[in-house]
Amino acid sequence: MAQSRHFETNLIHAGANPDNEYGALATPLYQTSTFIFETAEQGGRRFAGEEGGYIYTRLGNPTTRQLEERMASLEGMEDAAATATGMGAVASALMANLSMGDHLISSNAVYGCTYALLTEQFARFGIEVTMVDMSDHQQVTAALRENTKAIFLETPVNPNMAVFDLAWIGQFAQKNNLLSFVDNTFLTPYLQKPKDFGIDVVIHSATKYLNGHGDVIAGIICASKEQIELIKFTTLKDMGATISPHDAWLILRGLKTLAVRMDRHCENAMKIATFLEEHPSVSKVHYPGLKSHAAHRFIGKQMSKAGGVIAFELNADYKQSISFLNQLSIFKIAVSLGDAESLIQHPASMTHSPYTPEARALAGISDNLIRISVGLEHSQDLIDDLANSLSLINNS
Ligand SMILES: Cc1ncc(COP(=O)(O)O)c(C=O)c1O
C-alpha cells in the first residue's frame, strides 16, 4: 500500500509504528538496552532464530526498526540498517562484504574519514583499493582486476561537488559482477534514488539532511533483505556501531520535514551559487545547479535538484581564504552539513585533512577550496554576509 503513496507522505507514515497501546501520535521511544523474555526457553528460541521478538538493543530495537523501515521505503530498497554514525554505516557495509585479498574501486575524492578507512584501515586488513576519477570511465574500466569485488562512490562528491553517472556505474557493476555502494548523503532520496540506476547498497550519514537539526550523529544503510541481514548479523552485531534508540527517534522526527527543508536548501543554494559565480573574488563555483558545472546535464534526470552544498575557490591565497571565513557572522565555521544553520569550512585543513597533499591535488581539493552548507536562513542575509566578507579579502 505505502509503495503507491507519494514520497512526502512516506516521510511521515512509512514503517510500522511499534506496539502503541495508548495511541500516541509520535513513535514511542523504547529507550531500553535489553528485553525481558517470558521464559528461559523463549530466550533460547529467540537466540536460535526460531521465534521473532527483540533480544538486546545492539541487535535490534522497535524505535530503530521504524526508522529502518521508513528509510528502506524512501530509498525504494527492501530493508535498512541504522548505525551509530555515517562512518559506522560506511565501515559496516563495506567490511561485511570485503575480505583479505579482495579489491575495491573507489572514487578518488570521498569524505576524509572514508578516505582514511579505505587507504589506512583497509590496508591493515589486506583489502586493496584503487582510487580513480569516476567521471573518466576508461579509468574505472582499467582499474578492474580479477579480485575486484565492489565499487564505492559519493555523488555529488564531498567536498568538490563532482557528479558521476550512476546509470553507467550501475551497469558497469552489474556487467562485472561487482557490488555497488553509493553514499547518498548530499542529496537524500528526496533528490536522488541510486536504486533507480541499479545500485545495490545506499549509505547515508544521517547526521546531515536526514536528521537536519545538527543534534545527532548517525548513519543508515539501505539494500536488499539479504544484504541487510548480512551486515546486521556480522559487522554491525560484532563491531557494534549500533544506533541509540533516542537518536533513531530524533531522526524520525527530522525526516518528517525533509522535503520542505530540502526544497528551501536548494532554493537558497541556487541563489548563493549564482551570486558567487558573478563575484570577482571568486574564481570557480562548483554547484551542479549552475549551467557552468560539468555535470549540469544530470539535473532533472539522475538528481532532481542540486542540493544545498556549494564548493568554491577564491582568488586568494591560503591566509586570505582563512581570513574570509573568520570575517563571516551568520555562516558558522563548522564541519558537517545539512542543518538549519549555514555552515562553512576549509576542506584541505579540516574534513579532508586525512588526505596527503598529493592525493588532495589528484582529488581536486585545492588549498583555496571552501565548502558551504547552505542553511534555511533568508537567502539575502546569507548573500550579504558573504558579500561583506568577500569585500574584505584584498585588505586582509
Ligand atoms: C558524504 C559523507 N559520508 C559519510 C560521512 C560520515 O558521517 P558521520 O560523520 O555521521 O560519521 C560524512 C561526514 O561528513 C559525509 O559527508
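Q: Why does the radius of gyration of the protein chain agree with that of a compact globule?
A: This is a predicted model. The rule is 2.2 Å times the number of residues to the power 0.38. With 396 residues, a compact globule would come out near 21 Å, and the protein chain has 21 Å, so the two agree.

Q: What are the spans of the C-alpha trace along its principal axes?
A: They are about 75 × 55 × 35 Å.

Q: What makes a residue count as buried, and what percentage of the protein chain is buried?
A: A residue is buried when its relative accessible area is under 20%. Of the 396 residues here, 55% fall into that group.

Q: How many helices and strands does the protein chain have?
A: You will find 14 helices and 12 strands.

Q: How do you know that domain 1 and domain 2 are in contact?
A: Domain 1 covers 2-255 and domain 2 covers 259-395. Their C-alpha centres lie 27 Å apart. Still, heavy atoms within 4.5 Å make a contact, and 39 residues of domain 1 are in contact with 40 residues of domain 2.

Q: Which side chains count as positive or negative, and how many of each are there?
A: Lys and Arg count as positive, Asp and Glu as negative. The protein chain has 30 positive and 42 negative side chains, and the centres of the two sets lie 2 Å apart.

Definitions and conventions
Residues numbered from 1 in each chain as written. Predicted model: local features only at pLDDT ≥ 70, side-chain atom pairs only at ≥ 80, totals over all residues. Heavy atoms only, no water. Helix = DSSP H or I, 4+ residues; strand = E, 2+ residues; numbered from the N terminus. Buried < 20%, exposed > 50% of the residue type's maximum accessible area, 1.4 Å probe, protein only. Charge placed at Lys NZ, Arg CZ, Asp CG, Glu CD. Domains from an automatic or database assignment.
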